[in-house]
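Colleague: I would like to learn how to read a model like this one, feature by feature. Could we go through it together?

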Amino acid sequence: MKTIHKYRVRPTLPDRINPLLEIARNLWWTWNPDAAALFARVDRDLWRAVNRNPVALLSRVDQARLNELASDEAFLAHLDRVLDDLRRYTAHPTWYSEVHKESPENRIAYFSAEFGLHECLPIYAGGLGVLAGDHMKSSSELGLPLAGVGLLYRHGYFHQLLGRDGMQTETYEEQHFSGLPTDVVRDAAGRPQLVPIEIGERRVLARIWQVRVGRISLYLLDTDISENEPADRAITQRLYDADPDVRLRQELVLGVGGIRALGLCDVPPTVCHLNEGHSAFLSLERIANLMERHRLGFEEAREIVTASNVFTTHTPVPAGHDAFPPELLLKYVRPYAQRLGIPNEALLDLGRMGIGDRSEPFSMTILALKLSSFHNGVSRLHGSVARATWKGLWPDAPEEEVPITHITNGVHLPSWYSDETARLFDRYLGPDWLEKPIDQKAWSRVATIPDAELWRARERLRTRLVADARRRLNVQLTRRGAHPIAVEEAAEVLDPEALTIGFARRFATYKRAGLLFRDLERLARIVHHSDRPVQFLFAGKAHPKDEPGKEMIRELIRVAELPEFRRQLVFLEDYDIGLARRMVQGVDVWLNTPRRPLEASGTSGMKVAVNGGLNLSILDGWWAEAYNGENGWAIGSEELYDDRQYQDKIDSEALYDLLELVVAPLFYNRGPDGLPRGWIARIKESMRTVCPQFNTNRAAEEYTRRFYIPSLLNWNWLIKDGMQQAREIARWKARLREHWNEIEIASVTTDSDVDLAVGDSLEVRARITLGSLSPEDVKIEVFYGVLTEGEIHFGQGALMNHVGSADGLHEYTGVISCHTSGHFGFSLRATPPSSGLEDSFDRELIAWWNSAGVRAPGVLQQ
């Protein structure tokens with residue numbers, strides 16, 4: 001057989017339109033409709049065929065077409081306008097440059113295993129990645145000094161195909177990186193910049209790619225290069241590889257390789273933000289770097305790194321937290337224990353809840369929590385759930401004081417709004433809705449949008465969605481080998497004038513996609529109501545190893561193929577950002593039925609709101625704090641039952657009642673002019689309340705104010721004067737840990753044991769043994785609050801004053817002020833005083849007043 005050498009010939013862009021490449025290689029175009037329209041203008045059919053990837057478009061378009069465009073005056077004017085907009089955008093002053101111009105130089109690194117920036121860059125699986133992508137875009141909008149770090153996967157996440165029986169199968173498509181909006185980072189000699197990473201006994205090399213996201217950059221690592229062994233080339237083949245061995249090596253490349261890559265790219269971070277625990281090994285690398293470069297001990301370097309790390313946890317579901325067997329962990333991570341100068345068991349303890357428990361897996365989430373000072377969940381409710389989940393790391397702290405707060409997620413509005421709603425906002429809200437999306441005043445002007453204009457926009461969006469769903473269904477039925485009659489019927493599914501409800505997300509059992517199907521007879525009555533028909537559009541993937549999730553999809557397909565639902569219930573396969581964008585723009589209602597409180601946040605409903613859709617959801621995640629009674633609907637109440645079957649029964653009946661008695665009647669209640677005024681009022685209230693609060697510009701500003709700037713101040717304070725502060729704090733904490741058990745609250749007395757009245761005060765006196773510690777080493781508090789079933793809830797501390805010492809006992813006094821009536825209790829506790837850092841050391845060491853813990857002074861009467 002003859003040998004054939006393959007080569008590829010690409011079109012040559014004429015000089016006049018060469019700036020197309022500059023625009024194509026900056027994902028700014030993904031949230032600039034005029035830029036996207038420019039690429040569509042090159043070749044509309046090819047634009048759709050390449051999944052709206054401008055780099056692929058320009059590499060495949062016909063040369064004659066490019067030559068034609070180079071002399072097309074209208075196209076050139078469009079090109080010049082978009083290019084000017086891009087350059088003006090990158091040069092314009094930003095929120096950060098104005099508000100934080102006095103802040104010290106800062107470099108924030110944002111690590112995530114996935115980034116969902118656009119469907120043309122398939123390095124995302126779902127909500128975590130899309131949130132990361134939106135955070136990057138808003139960081140660009142705000143001008144944050146932030147760089148993203150992730151992995152470039154050769155096959156990305158899987159494509160979903162459904163068999164004739166509705167069972168999901170997975171296929172993986174090889175990505176040609178040269179056809180993506182990515183650039184190889186090169187060294188001074190022009191060669192690809194490679195990052196060495198020690199993985200067990202092998203040295204693996206990773207290539208660095210740069211993706212431009214407006215004003216900032218995302219750096220991606222890939223190990224699929226000829227310098228590596230086959231097993232190491234496979235590390236970055238697939239996102240969330242199911243093999244724990246591969247997954248562990250991926251996370252070493254992400255964390256360790258990511259920190260090294262930033263150094264090689266001359267952007268070493270002062271602050272690191274870990275978006276979930278996958279990147280937690282970065283902390284070990286940062287500690288080792290400080291030890292080697294500045295001759296620090298492990299604990300000294302740990303102080304600096306922990307004080308400048310931010311960790312966000314995104315799920316209360318155990319499967320979402322990676323954990324590895326100790327023997328597998330040591331197989332690859334043992335060299336880092338040697339670099340850190342700590343025993344293997346000490347390294348393993350960094351990822352364990354129980355110190356010294358050799359049977360406990362090594363948790364990446366625990367590693368991230370232990371080596372960061374700022375921790376948050378992604379909604380108010382999730383923050384509470386996370387505190388309960390991880391309380392074991394701070395066993396002596398009251399649950400409400402566990403150092404995990406919340407910053408509720410948001411969405412990048414320009415990435416998700418439709419052209420229809422954008423035109424309305426431009427006309428009636430003014431420029432602030434886009435330039436300052438958190439401006440409540442701008443969003444209050446939605447009330448001025450004429451009802452007729454808003455409703456016509458909604459109708460056009462629904463019509464587009466129905467047309468797109470029919471086209472997609474035709475393609476998937478044809479590929480599946482469906483009967484020709486079924487393929488023909490795809491052109492008639494869904495009604496562009498009917499109430500359209502969407503449900504799209506990962507198919508995990510706790511999402512309860514089947515809640516709608518518990519009573520098919522009642523559902524059929526709702527769907528086929530003669531005056532108020534309802535239709536449903538579904539999409540979503542199950543993880544390849546999630547058999548119950550796959551079975552949920554198969555059951556949904558079975559129901560959708562029943563004669564009574566064939567035209568009113570449609571499932572579209574291979575859910576991605578492109579399909580998500582179309583759905584959130586076109587549906588009238590977004591349905592969300594998670595098992596409370598397992599939905600950490602959810603963001604799809606936020607995307608619906610900006611397009612005039614309404615949320616119909618369980619009160620979980622973000623909706624628990626967004627719902628106000630007038631901006632959508634809540635399914636059921638916040639009451640939880642231990643019996644899951646009973647919970648599902650209650651919630652499904654509440655859902656049917658809402659659909660049948662509330663939602664559908666309101667949608668179809670039209671006035672003489674044909675407008676559903678009551679429905680439109682809810683749309684406006686939803687836009688007014690959801691859009692300014694639940695967007696990533698607000699979230700990124702909040703991260704900056706509450707976490708990034710304090711982390712930077714921590715870093716700068718600890719490294720000054722040859723890192724003297726870090727050395728002193730490490731010594732002080734070590735001394736406190738060594739002698740903390742010597743503290744004993746010997747006696748507590750009060751000046752009254754009778755009932756107290758509102759306005760009274762209760763003086764508390766204590767005699768305390770401090771052992772080798774001094775009064776300057778401890779903070780003594782009266783901890784008091786509402787007494788429920790023998791425990792203090794929602795307690796607060798009142799500082800006690802040191803008034804003297806005698807015979808080795810230190811005397812303290814404090815006062816409890818009685819502001820409200822009820823049953824209260826108090827205890828005493830000793831904690832470390834502030835070290836000058838924003839950290840959680842005072843929650844790590846707590847000495848309580850004996851084992852009983854609570855003294856009840858009686859009932860405080862009003």
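This is a predicted model: local features need pLDDT of at least 70, side-chain atom pairs count only at pLDDT 80 or more; totals for chains, interfaces and linings use all residues.

Colleague: Which residue in β27 is the bridge partner of N801?

Modeller: Residues are numbered from 1 along each chain as its sequence is written, and side-chain values use heavy atoms, leaving out hydrogens and water. Strands are DSSP runs of E with at least two residues, helices are runs of H or I with at least four, and both are numbered from the N terminus; two strands pair if DSSP finds at least two bridges between them. Here the partner of N801 in β27 is T813, and five bridges join the antiparallel strands β26 (residues 801-806) and β27 (residues 809-817).

Colleague: What phi does D807 take in the hairpin of β26 and β27?

Modeller: D807 takes a positive phi near 55°, in a hairpin with two residues between the strands.

Colleague: How many disulfides does the structure hold?

Modeller: A disulfide is a covalent bond between the sulfur atoms of two cysteines, counted here when the pair of sulfur atoms lies within 2.5 Å. The structure holds zero of them; for C272, the closest cysteine sulfur, in C265, is 14 Å away, too far for a bond.

Colleague: Is C272 buried or exposed?

Modeller: Buried means under 20% relative accessible area, exposed over 50%, and partly exposed in between, using a 1.4 Å probe and protein chains only. C272 counts as buried because its relative accessibility is 0%.
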